[in-house]
Amino acid sequence: MAVLLEKNFPVEAGAYTTAGEASTTIKRTLKQLGISAETLRRVSVACYEVELNLVIHSLGGTLTLLVTPEKVTLISKDVGPGIPDIDKAMTEGYSTASDEARTLGFGAGMGLPNMKRNATEFDIQSEVGVGTTITMSFAL
Amino acid sequence: MEQKRFHSVRLEGEKCRGCTNCLKRCPTEAIRVRGGRAHIIDERCIDCGECIRVCGYHAKVAVTDPLSCINTFKYKIALPAPSLYGQFNNMKSIGQVLNGLKEMGFDEAFEVARGADVVSRAIQERLKKHDLPRPVISSACPAIVRLIQVRFPDLIDHIVDVRQPMEVAAMIARREFSRKRGVPESEIGCFFISPCPAKVTAIHTPIGHEKSAVDGAISVLEIYGPLSSHIRTAQTDTEMETASDLGVGWARSGGECNAVQPENSLSVDGIENCIHVLEEIEDNRLRGLEFFEGAACTGGCVGGPLNFENNYVARSSIGRLASRDLNPELNVDAGMLTKYDLYDDIRIQPNSAMKLDDDLMEAMRKMERIERIYKELPGFDCGSCGSPTCRTFAEDIVQGSATKMECIHMMREQLRVMAEQMVDLAKTTRE
């Protein structure tokens with residue numbers, strides 16, 4: 001049987017005070033597993049971006065960490081609102097962040113492009129009114 | 001066999017009561033209480049001295065070199081840390097400290113602040129290279145460098161490869177003294193007057209280079225008394241003060257940034273605060289940041305556990321000294337940057353003490369067991385089991401250094417179940 005480690009982290013919409021906690025726990029886990037510094041750094045950046053996206057843009061969701069001997073996978077699954085135009089959302093500098101998020105320094109429109117840049121494989125599926133699922137894997 | 005790591009921070013077992021003060025404060029979870037006494041896990045300890053500060057029983061100590069060790073050299077040079085100047089609030093000039101040290105038996109007193117001047121310039125040069133990952137992280141606080149080795153291995157490449165001011169000061173002091181007096185360098189001993197145990201450890205086991213240029217470290221506390229009385233009578237001599245105000249300012253948090261003048265910098269003091277910011281750097285949250293200066297102690301080096309004066313008073317004294325406008329420019333001679341070994345020649349390695357296992361599969365299996373055990377634990381993080389948190393306790397169980405029944409809450413639950421069983425048993429036998 002393949003060795004598999006799975007951890008789930010519920011992320012609340014608009015919960016700025018706790019934003020980043022899931023990423024911190026995920027980093028700790030990966031450091032304890034002893035994954036390379038280079039992979040760790042890429043996962044850290046993408047993980048924080050995706051967690052923040054759940055807080056800023058989604059109606060809430062779950063961040064899942066999966067580890068196999070071959071790769072680390074992060075799955076972000078939310079319950080809406082969904083992205084109408086994925087291509088536009090993937091464009092650097094494009095952001096729909098609220099004024100509240102912008103006053104906190106977010107909304108540079110680099111979130112999704114940054115995730116894609118850091119992940120080995122990146123996939124985004126979205127349906128308006130249903131939700132968005134982002135799957136990122138990082139080769140070990 | 002691997003040699004036992006040198007640590008300045010040690011435990012005096014007989015004084016330890018086995019309380020949880022140090023356990024809860026250690027930033028690398030390096031302390032366990034077993035058999036009623038604290039133990040330090042050598043591989044994890046970064047010598048920050050947090051435990052020395054919080055131990056009410058004075059069971060944690062910093063091992064430094066005794067003042068008498070200077071006698072092993074024919075010529076002795078004192079290297080006062082800039083933070084030493086903050087210890088004497090009745091002091092008028094730095095010259096008094098330097099003269100006072102000479103009256104105590106040193107042939108020369110060379111300011112580490114001058115080393116800081118050179119280091120500031122060397123860092124400015126490094127910052128011009130844009131291939132270094134940003135933010136560039138200061139290498140000045142050895143406790144922070146070791147913290148990064150243990151907890152932030154992915155940030156090692158950000159640490160600037162410039163040696164510490166005390167190293168640079170020792171190299172310059174030795175060479176200048178040798179020239180001036182016409183004596184061989186081998187007969188000259190350089191002794192750092194240290195505010196902290198992390199620097200002591202850095203002299204015994206340097207990070208980034210093979211051998212330290214410093215021959216010993218004497219605690220500020222050890223010389224405070226005698227130096228204090230010498231200062232009262234010592235001559236004020238501003239001619240002796242050659243370090244810049246900026247170099248002196250390195251004694252307190254923010255001083256390095258102030259001297260280096262990077263475009264966008266951040267200085268943080270206190271080890272927990274540094275951990276928070278390092279997490280953010282790791283997540284790439286601090287975009288545009290050029291330089292990060294982290295000091296493990298509150299207030300920077302003036303807050304070192306081996307200082308006498310409280311760090312706020314010392315900080316203000318340093319502020320006064322650094323704003324006299326005596327030497328406003330960094331004192332760095334042309335050629336200084338190439339004349340001395342200012343840069344590290346050994347790549348800093350991650351410390352794998354937090355790793356569960358060398359084998360990834362085995363580490364994953366252990367992690368799964370940790371999660372399972374952790375779910376059964378009460379989550380109070382009370383420390384009664386001797387591990388700092390319920391999570392570390394679960395890790396210790398899986399690693400074989402603790403057993404479940406050391407948790408008093410699980411033990412109580414177990415007793416309750418047993419008592420119920422006894423009652424049931426008594427009932428059945430009576431019937």
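Q: Which residue of β3(A) does A:V67 stand opposite?
A: A:V67 stands opposite A:V72. The model is a predicted one, in which local features need pLDDT of at least 70 and side-chain atom pairs count only at pLDDT 80 or more, while totals for chains, interfaces and linings use all residues. Residues are numbered from 1 along each chain as its sequence is written, and chains are lettered from A and ligands numbered from 1 in the order in which they are written.

Q: Why are β1 and β4 of chain A said to stand at the edges?
A: The open sheet of five strands has the order β1-β2-β3-β5-β4 in chain A, with antiparallel pairing. β1 (5-11) and β4 (121-127) each have a single partner strand, so one side of each is left without a neighbour in the sheet.

Q: What joins β4(A) to β5(A), and how do they run?
A: Seven bridges join β4(A) to β5 (residues 131-139) of chain A, and the two strands run antiparallel, with A:D123 opposite A:T135. They form a hairpin with three residues between them, and A:G129 in the turn has a positive phi of about 85°.

Q: How do you know that the radius of gyration of chain A agrees with that of a compact globule?
A: The radius is taken over C-alpha atoms, and the globule rule is 2.2 Å times the number of residues to the power 0.38. For 140 residues a compact globule would have a radius near 14 Å, and chain A has 14 Å, which agrees. The C-alpha atoms of chain A fill a box of roughly 45 × 30 × 25 Å along the principal axes.

Q: Why is α7 of chain B called largely enclosed by the rest of the structure?
A: A residue is buried if 20 or more other C-beta atoms, placed from the backbone, lie within 10 Å of its own, exposed if 12 or fewer do, and partly exposed in between. Seven of the eight residues of α7 (residues 197-204) in chain B are buried, so the helix is largely enclosed; among the buried residues are B:P197, B:V200 and B:I203. The buried residues of α7(B) pack against several elements of chain B, including α5 (142-151), α6 (165-181) and β8 (188-194).

Q: What makes up the contact between chain A and chain B?
A: Two residues are in contact if their C-beta atoms, placed from the backbone, lie within 7 Å, and the contact takes 20 residues from chain B and 19 residues from chain A. On the side of chain B that touches chain A, α14(B) gives the largest share, seven residues. That side divides into ten nonpolar, two polar and eight charged residues, where Ala, Val, Leu, Ile, Met, Phe, Trp, Tyr, Cys and Pro count as nonpolar, Asp, Glu, Lys and Arg as charged, and the others, Gly among them, as polar.

Notes. Helix = DSSP H or I, 4+ residues; strand = E, 2+ residues; numbered from the N terminus. Pairing = 2+ DSSP bridges.
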